[in-house]
Amino acid sequence: LNSNLKRLHKMQDQMSSGKSVSKPSDDPVYAARIMRLQSMVRQQENYQANIKDAQGFVDNSESSIGTISDIMNRARELAIYGANGAITATDRQAILSEVDELIHETLEVANSSYAGRFIFGGYQTEQPPFRREGDTIIYDGDQGSLDWEVAQGVTMSVNLTGDELFGVIGDALIENGVFDALLSLKKGLDEDDQEVLGGVTLKKIDDAADHILSKRAILGAKSNRLSISHDRAFERNINLTELLSNLEDVDWAEAVMYFKTSENVYRAALATGAHIMQPTLLDYLR
C-alpha cells in the first residue's frame, strides 16, 4: 500500500508541477542534465543582455560620430565661403562666431554618454573626457578598450577613445584632427587669411572628415557583428530551452495514463488489504 501510494503521489506531483523531475532524488542522472542545461540557458540570457547593451553603446557612438560628420561638412562650407575674396573681414568675423559654436557643439558630442557612461573616455567613463580652456582642448580620458563578453570565451571591444577619434592627446592637438581643423578654421577667419582658409585649413577639414568616416565605418562593422551575434545567441537560447523542456516537462498524455494506472493499482491494493486485515477477531476466525 505504501509503495503504491508513494508512486501515486509522485505522479500527482508531476502533474501539478508540470515537471518530470522536481528534486534530484527523483532521477539523479536527469536532474544533473537539467541543472546543467538551466545553467547554460541563464548564461546564454546573460550573453544576450551583454550584446544588447553593447549594441546600444555602439549605436550611440555611431550616432555621435554622424553628428561630427555633419559638423565637418558645415565647417568645410564655411572655410570655402571664408576663402571667397568677395566677402569682407567683417563677414569673416561673423563666420568666426558660427565656427566657435561648432567647436562647442563638437565638444558636447565628444562628451556624449550612454546609460550614465561617457562613451569616448576609454576607462574614464564617469567624468567628461573633454574640456575647453580658451582655444585649448584637453582630453582627460585614456586609451582603455571597453570589452563585452558576447559568447563563451569571446570578447569584443565596442568603444573608440577620444584621442584617436578627435585628435587630442592631453592638451596637444594631433595634426589634421577634428579639433585641429576647427581651430585652424577659427584662426584663419580671425586673421582674415584667405590663403590659409582655402589651402591648409580646407585640407585639414577634409582629412579630419575622412578620418571620421573611417571610424564610423569601423563602428558600423561592429554593429553588424553584434547584430549577428545577437541572432545566434537568441537561436541558441531557443534550442537550449527546447532541449531543457524535452528533459524536464511532463508528457501529459503519458502522465495521465500512468496516474490512472497507479490509481487503479492503489485501489486494488486497498481492496485486497481490506480482505486480509479484517476489522474484528470474529471476522478473522470466520
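# Briefing: a predicted protein model

The protein has eight helices and eight strands. Helices (H or I, at least four residues) and strands (E, at least two) are DSSP runs, numbered from the N terminus. This is a predicted model, in which local features need pLDDT of at least 70 and side-chain atom pairs count only at pLDDT 80 or more, while totals for chains, interfaces and linings use all residues. Residues are numbered from 1 along each chain as its sequence is written, and side-chain values use heavy atoms, with hydrogens and water left out.

**Overall make-up**

- Of the 286 residues in the protein, 40% are buried. Buried means under 20% relative accessible area, exposed means over 50%, and partly exposed lies in between (1.4 Å probe, protein chains only).
- The protein exposes about 15800 Å², and carbon and sulfur atoms supply 52% of that area. Accessible areas come from the Shrake-Rupley method with a 1.4 Å probe; for residues, only the protein chains shown count as cover.
- Take the contacts between residues at least 6 apart in sequence: 69% of them join residues at least 24 apart. Contact means heavy atoms within 4.5 Å.

**The nonpolar core**

- The largest nonpolar core has 50 residues. Such a core is a set of buried Ala, Val, Leu, Ile, Met, Phe, Trp, Tyr and Cys residues joined through side-chain atoms within 4.5 Å.
- Met72, Phe130, Phe166 and Leu185 have the most contacts inside this core.
- At least two core residues come from each of α2 (28-82), α3 (89-110), β4, β5 (147-151), α4 (162-166), α5 (178-190) and α6 (194-248).
- Helix α2 gives the largest share, eleven residues.
- In soluble globular proteins, nonpolar side chains tend to be buried together.
- Phe130 is in contact with residues beyond four places in sequence, including Leu107, Ala110, Ile138, Phe166 and Phe179.

**Helix α3**

- Helix α3 has 22 residues, which should span 32 Å at 1.5 Å a residue; its end C-alpha atoms are 31 Å apart, which agrees. The expected span is 1.5 Å times one less than the number of residues.
- The buried residues of α3 include Arg92, Asp100, Ile103, Leu107 and Ala110.

- Strand β3 (residues 130-133) pairs with β4 in the antiparallel sense, over four bridges. Two strands pair if DSSP finds at least two bridges between them.
- Arg131 has Ile138 as its bridge partner in β4.
- Two residues sit between the strands of this hairpin, and Gly134 takes a positive phi near 65°.
- Arg132 is found in strand β3. Arg132 counts as buried because its relative accessible area is 18%.
- A polar atom of the Arg132 side chain lies 2.6 Å from the backbone oxygen of Gly134.
- The side chains of Arg132 and Asp135 make a polar contact (3.4 Å). A polar contact is a pair of N or O atoms within 3.5 Å; within protein, one must be able to donate a hydrogen and the other to accept it, and residues adjacent in sequence count only if both atoms are side-chain atoms.
- Leaving aside residues up to four places away in sequence, Arg132 touches Asp100, Ile103, His104, Leu107, Ile137 and Lys186.
- Thr136 lies in strand β4 (residues 136-139). Its relative accessible area is 33%, so Thr136 is partly exposed.
- Thr136 touches Arg131 and Asp171, residues up to four places away in sequence not being counted. Thr136 and Asp171 are 35 residues apart in sequence but 6.7 Å apart in space, C-alpha to C-alpha.

- Strand β5 runs antiparallel to β6 (residues 154-157), and four bridges join them.
- Glu149 has Thr155 as its bridge partner in β6.
- This hairpin has two residues between its strands, and Gly153 in the turn has a positive phi of about 75°.

**Strand β7**

- Ile169 is placed in strand β7 (residues 168-169).
- Ile169 touches Asp163 and Ile174, not counting residues up to four places away in sequence.

- Most residues other than glycine have a negative phi, and most peptide bonds are trans.
- Asn176 has a positive phi, near 65°. Asn176 lies in the loop between β8 (172-173) and α5.
- Asp192 also has a positive phi, near 55°. Asp192 is in the loop between α5 and α6, and its 31% relative accessibility makes Asp192 partly exposed.
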